[in-house]
Amino acid sequence: MEFLTPHHIRELGQEALPVRPDAWAKLGGNPGFLSDRIQPGQLRGAILGSPHPHARILHIDTSAAQDLPGVHAVVTHADIPGIKHYGLRNVDRPVLCIDKVRHVGDPVAAVAAVDMETARQALALIRVEYEPLPPVCDPVAALDGTAASDQPVHQGGNLLHAASHRQGDMSAARASTVHRVQDSYVTPRQMHAFLETEGGVAEPDGAGGLRLFFGGHNPAREKQVISDMLGLPHDKVHAVGTPVGGSYGGKDELTIQPIAALLAWRAQRPVRLHLTRPQSVDLGVKRHPMQIDMQTGCDAQGRLTYHQVQIVADTGAYATHGPEVLDAALEHAPGPYRYQALDLSARLAYTNNGIAGAFRGFGAVQVQFALEQQMDRLAALVGMTADAFRALNLAAPEAPGPLGQHVVPFDGPQRALDVARQQALWRGPHRWASADGRHLHGVGFTLIHRSDGFGKGGPSDCRMELALSADGAIELRCGFTELGQNLVGTIQSLGSRHLGCAADAIRPVLGDTRLTPDSGPVAASRATTLVWRALHEAARPWQQALLLAAARLLPDIPLRCGAWGLESAAGLRLSYADLARALGEQAPCISIDLRAEDPEGNAHDTHFVFGACAAIAQVRVDTWSGMVQVQRLVMCTALGPVASAQGYLGQMEGGALMGLAMGTQEELTCLDGHYQARNLDGYLIPTLADAPEMQVLTIENLPEGDPIGPRGAGEISVNLALPAVANALAAALQHPITQLPMTPERVIALLEAGAESSTP
């Protein structure tokens, strides 16, 4: 199959970009985030969390709290009329703990009162009798049966999920191996640190139902979980989920929504529940820490022979997205390369170390860091440059996916590699020292691919509606939420491109279960890709529906669809607003149903679509202090057409900063089940002062007949930034990087170890 079609390379950030359509509203706080929905008569909610990482609940007494003046509701698990647990693949998380707590802050009870002072007083009056249990803290020990506690985190044991994949003749591959690299890599727990912590409002509607206003990815799922918890018909719950004050995956799953809904239902009053930063640290999900044992071989010419990987990940107290994260790690462990044989295995452990879940980069970034270190180390053994080694071992565009599955053919890895190899930063020196010897500089290269959407068996089907509203706006109605990714601007841009109308003629209607069909969750760039497909497929039927409707009004005049209405060759124009007024309830509305494209033969939880990027990073290491500065980052992104230049640039630059922070500074340590940072003064995240000079080169490749459209830009810059920075650090320090983040203490330790090894 031929892929060398013309493509356009564009440097984003070097051109004037239009203002985002929601910019002034967001800058002015109108509308604000959903947690800003403050009204007279609203009660304040508060949660009583466990002080123990692991304990049995022997008794709960709420009587004193219930008698406190100003308290309108006090709830425990006994007050839940319907289903008491929720979860995704594993329904293991209690709304309020029943017989056991599994992490510090695990919700045991909650109150709703007239103000926060009264709510806090009520919490102090609740008496909970615990029997502390030894915490399960080491994921390896939890799985190997050597943990100090004989009490597993869950009744079924500490193994939540396992996955494996083997292909090829391992014995033959080993026999042809000349060079091999074997090491163990450790990645940290990372916190999302969004500006707006988890919060929102639950309101009884006065008609036996409930309204929910919480920032999240999937209002339809909130509606389902909460209606089941309260024993209500699903049509009695109305959920609004947009806009969201940042998520990065951290608000993908429900956290406080069921508790707020239970309080509002018991009190029959609106309840606002908004976590403080320390509460968010306790209750919010984190990036999965992983230990990755990796052994990779190649022959004398540098061709990869075999790849063995063993992964142990810590999911904490509850599953959330843990199984999917582990599956993604396994799937991305081989990278975009070809091998004679693979032997991959992964295990996911329950522990009492908080909760891990969805995080930008989603399981892939941890293994990509390890894999790209392996590629550089093998290249050095063979005597090849890092880019030449990758070019030699790159899988063909039409090759099967990393686990042997059928994938949409895509030339992204080759395109990205070709462009990155020509960049001046890579063609220059890869290591040098300052004149005084204090600073070491290194340049690192990486090539990664990243799956799009959900794995096979996930919620890939999607519904949207395209309608002419009463005021003449063309509405795209979908259940997706605005997370800051410029979804509003993306829909208008793609609508103009596919429907032929002006961008301002399109009004996105988002994330409201009363007004929008269930489109499934927003995840990475799923919404962008599906909106592209939806508008591409609906363009002809939509235009035909408009023309048929207009023909009833102007039967003898040929018309065509234009920017602001229907136009004739003679210059007659029927605006969309005029057409809507004339048609009334007969105005066109079409349903768009997108089905999963994954082939039936693909294994469960493999992906069908991949994008690719290459990157070059330059770092400077201060040998006196151990401080690392990422100075430059060149991103060569082969993800197909750019749907929204503002959104794309924001995603790439923002995600890159998250990725490099994972490599140089962010680590939320957990000691005996207790997080060692409680706020952003103890857990430091990068600021603009830490941002490198960034260059984003977009390769707008799309093979003819491609059924998918743009690949995701929402996560992949995290995936590329971390290994690029790690490889640059390894070049500067002349030592493999095996543990992240590379804090000053770890840098100094490597420098001292190197000095000792070179001492005669």
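## A helix beside a cavity

With three residues, helix 17 gives the most to the lining of the second largest cavity. Helices here are DSSP runs (H or I, at least four residues), numbered from the N terminus. A cavity is a set of points on a 1 Å grid over the protein atoms alone where a 1.4 Å probe fits but cannot get out, and lining residues have an atom within 4 Å of a point.

This is a predicted model in which local features need pLDDT of at least 70 and side-chain atom pairs count only at pLDDT 80 or more, while totals for chains, interfaces and linings use all residues. Residues are numbered from 1 along each chain as its sequence is written, and side-chain values use heavy atoms, with hydrogens and water left out.

## The second largest cavity

This cavity holds about 180 Å³ of space, a volume being the space filled by probe spheres set on grid points that are joined across faces, edges and corners. It is lined by 17 residues, and S525, T528, A643, Y648 and A713 are the closest to its centre.

By class, the lining has seven nonpolar, nine polar and one charged residues. Ala, Val, Leu, Ile, Met, Phe, Trp, Tyr, Cys and Pro count as nonpolar, Asp, Glu, Lys and Arg as charged, and the others, Gly among them, as polar.

## The largest cavity

The structure holds seven cavities of 30 Å³ or more, and the largest has about 280 Å³ of space. Of its 18 lining residues, D452, G453, L530, R533 and V609 lie nearest the centre. Eight of the lining residues are nonpolar, four polar and six charged. Domain 2 (286-456 + 602-753) and domain 3 (462-594) each supply at least three residues to this lining.

## Domains

The domain assignment, automatic or from a database, also gives domain 1 (34-133 + 197-244 + 251-283). The C-alpha centres of domain 1 and domain 2 are 37 Å apart. In contact (heavy atoms within 4.5 Å) are 22 residues of domain 1 and 25 residues of domain 2.

## Nonpolar cores

A nonpolar core is a set of buried Ala, Val, Leu, Ile, Met, Phe, Trp, Tyr and Cys residues joined through side-chain atoms within 4.5 Å; buried means under 20% relative accessible area (1.4 Å probe, protein chains only). The largest has 103 residues, with I292, I311 and M652 making the most contacts inside it. Helix 18 (residues 716-733) brings the largest share, 13 residues.

Leaving aside residues up to four places away in sequence, I292 touches several residues, among them D183, Y185, V309 and A370. A second, separate core has 46 residues, including L476, I506, A549 and L574.

Terms used. On a 1 Å grid over the protein atoms alone, a cavity is a set of points where a 1.4 Å probe fits but cannot get out, and a pocket is an open set with protein on both sides within 12 Å along at least five of seven lines; lining residues have an atom within 4 Å of a point. Helices (H or I, at least four residues) and strands (E, at least two) are DSSP runs, numbered from the N terminus. Buried means under 20% relative accessible area, exposed over 50%, partly exposed in between (1.4 Å probe, protein chains only).
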